[in-house]
Amino acid sequence: TAEIPAPATWTGRDHVVVQARLGQLQTTTDLRVTGGPPARAELHANRQALQGNDTRGVELVLELFDEHGTPTSATRVMWQTNDRGALERQPAPRFGSYAVRFVPARARRDHIASISVTVNDGITGDSTKAGTTDKKGGGTLTAAKSVLVEANATRRATARVGVMSNLGGSFGESAFLEVSVPLPLLRSGALARLFSAGLAAGYLHSQTNFQPSAGPSPGLFQVQTQVNIHQIPILALGRFNIPGELPVQFSVSATAGVTFATTSVIPDADSPFVATRGSAHAVVWGAGADAAVLLRPGELVLGAHYLHAHLGRNSNGDHIDGNGLGLLADLGFRIAF
């Protein structure tokens, strides 16, 4: 038999190996070296701020020590947060520590998320070391860490579909895909999370049915004519997110770019004229507003935009007068990446 004394001080080893030999026989056993009841808790985070986009997280590590500063363990460790995000337990990096990963939920505005941990191990003694004292005489250790959750400071992609009209008899459908990032010149500070810039590309189809006025021979031109316009606009956009405490996030945007169009003029079958086709391009400018409702894992977006483009004369010589685009009402879904 042998008596193995406990180390007088913590040497950084969480176990010792005892080996016994008798002639050619030998055996070993591991003894864990641990501290006494937890008397001090320290909570560390690997970052102080992160983007609220349902994907990025912060690692938090809790370290427990006894009254002599020796790392120790506890039988009951409880984590909680005031945020709607998730707390995911992680493997302990070392003895005497406990780890979680906090992933905040999508955030509409900047806010402080608090992550707290409670250690209740039935400890006794000085309540100033334990933190608080429960009714049974045991102590409870608590620790907390605050993390800034930033809203809208992330890259986002939006897909939209809708309808359009130039408010002059032309109707059609629209589809857009846009990508935006926080404005690089304002990357620091809260202002960066209100402004974003990006690119948008789409497809628009509009159709107009009209009856030309009579020419020199009455009745010759009294035929229905259909004008189809297919367009692919490529736009640069800037968006400002309106701050507020509403459950719906409102934003306004401005766009500018160019549209490439193909046109076809198709008379009725009774007309002596044949269908003509041509191409054109024009400068586009416009403005709009969006209302976004937060869902998981993205946002449902309702938008209204006005785009203007004067196509003018196309490659076939036909003159397309008026606004070739118009008022768009669309529905979309936005995700962060």
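This report describes the secondary structure, cavities, ring interactions and selected residues of a predicted model.

## Basis of the model

Residues are numbered from 1 along each chain as its sequence is written, and side-chain values use heavy atoms, with hydrogens and water left out. Because the model is predicted, local features need pLDDT of at least 70 and side-chain atom pairs count only at pLDDT 80 or more, whereas totals for chains, interfaces and linings use all residues.

## Overall architecture

The protein has one helix and 21 strands; helices (H or I, at least four residues) and strands (E, at least two) are DSSP runs, numbered from the N terminus. Of the 337 residues in the protein, 39% are buried, where buried means under 20% relative accessible area, exposed means over 50% and partly exposed lies in between, with a 1.4 Å probe and protein chains only.

Among the contacts in the protein with a separation of 6 or more, 61% are between residues 24 or more positions apart, a contact being heavy atoms within 4.5 Å.

Rolling a probe the size of a water molecule over the atoms shows where empty space is left. The structure holds two cavities of 30 Å³ or more, a cavity being a set of points, on a 1 Å grid over the protein atoms alone, where a 1.4 Å probe fits but cannot get out. The largest cavity has a volume of about 160 Å³; grid points are joined across faces, edges and corners, and a volume is the space filled by probe spheres set on the points.

The largest cavity is lined by 16 residues, of which Phe176, Glu178, Leu235, Thr255 and His305 are the closest to its centre; lining residues have an atom within 4 Å of a point. Two or more lining residues come from each of β13, β15 (225-241), β16 (248-267), β17 (276-294), β18 (299-308) and β21 (326-336). By class, the lining of the largest cavity divides into seven nonpolar, five polar and four charged residues, where Ala, Val, Leu, Ile, Met, Phe, Trp, Tyr, Cys and Pro count as nonpolar, Asp, Glu, Lys and Arg as charged, and the others, Gly among them, as polar.

## Ring interactions

The count comes to one aromatic pair, under a rule by which rings of Phe, Tyr and Trp (its six-membered ring) pair if their centres lie within 6.5 Å, with planes under 30 degrees apart counted as stacked, over 60 as edge-to-face and the rest as tilted. The ring centres of phenylalanine 195 and phenylalanine 240 are 5.0 Å apart and their planes are at 50°, so the pair is tilted. Because phenylalanine 195 lies in strand β14 (residues 195-210) and phenylalanine 240 in strand β15, the pair ties together parts that are 45 residues apart in sequence. Phenylalanine 195 is partly exposed at 29% relative accessibility, and phenylalanine 240 is partly exposed at 25%.

Elsewhere, the charged end of arginine 40 sits over the ring of phenylalanine 65, 4.3 Å from its centre; this requires NZ of Lys or CZ of Arg to be within 6 Å of the ring centre and within 35 degrees of the ring normal.

Leucine 167 lies in the loop between β12 (156-165) and β13 (171-182), and its relative accessibility of 65% makes leucine 167 exposed. Most residues other than glycine have a negative phi. Leucine 167, although not a glycine, has a positive phi of about 65°.

The loop between β7 (86-90) and β8 (97-103) holds alanine 92, which is partly exposed with a relative accessible area of 46% and has its C-alpha atom 9.2 Å from that of leucine 62, 30 residues apart along the chain. Arginine 94 is also found in the loop between β7 and β8, is partly exposed at 44%, and touches Val61 and Glu63 when residues up to four places away in sequence are not counted. Threonine 11, in the segment before β1 (15-22), is exposed at 53% relative accessibility.

Alanine 282 is found in strand β17 and counts as buried at 8% relative accessibility. Leaving aside neighbours within four places in sequence, alanine 282 is in contact with Gly257, Val258, Thr259, Ala309, His310 and Leu311. The C-alpha atoms of alanine 282 and glycine 312 are separated by 8.2 Å, the two residues being 30 residues apart along the chain.

How values were computed
1 Å grid on protein atoms, 1.4 Å probe; cavity = no way out; pocket = protein on both sides within 12 Å on 5 of 7 lines; lining within 4 Å.
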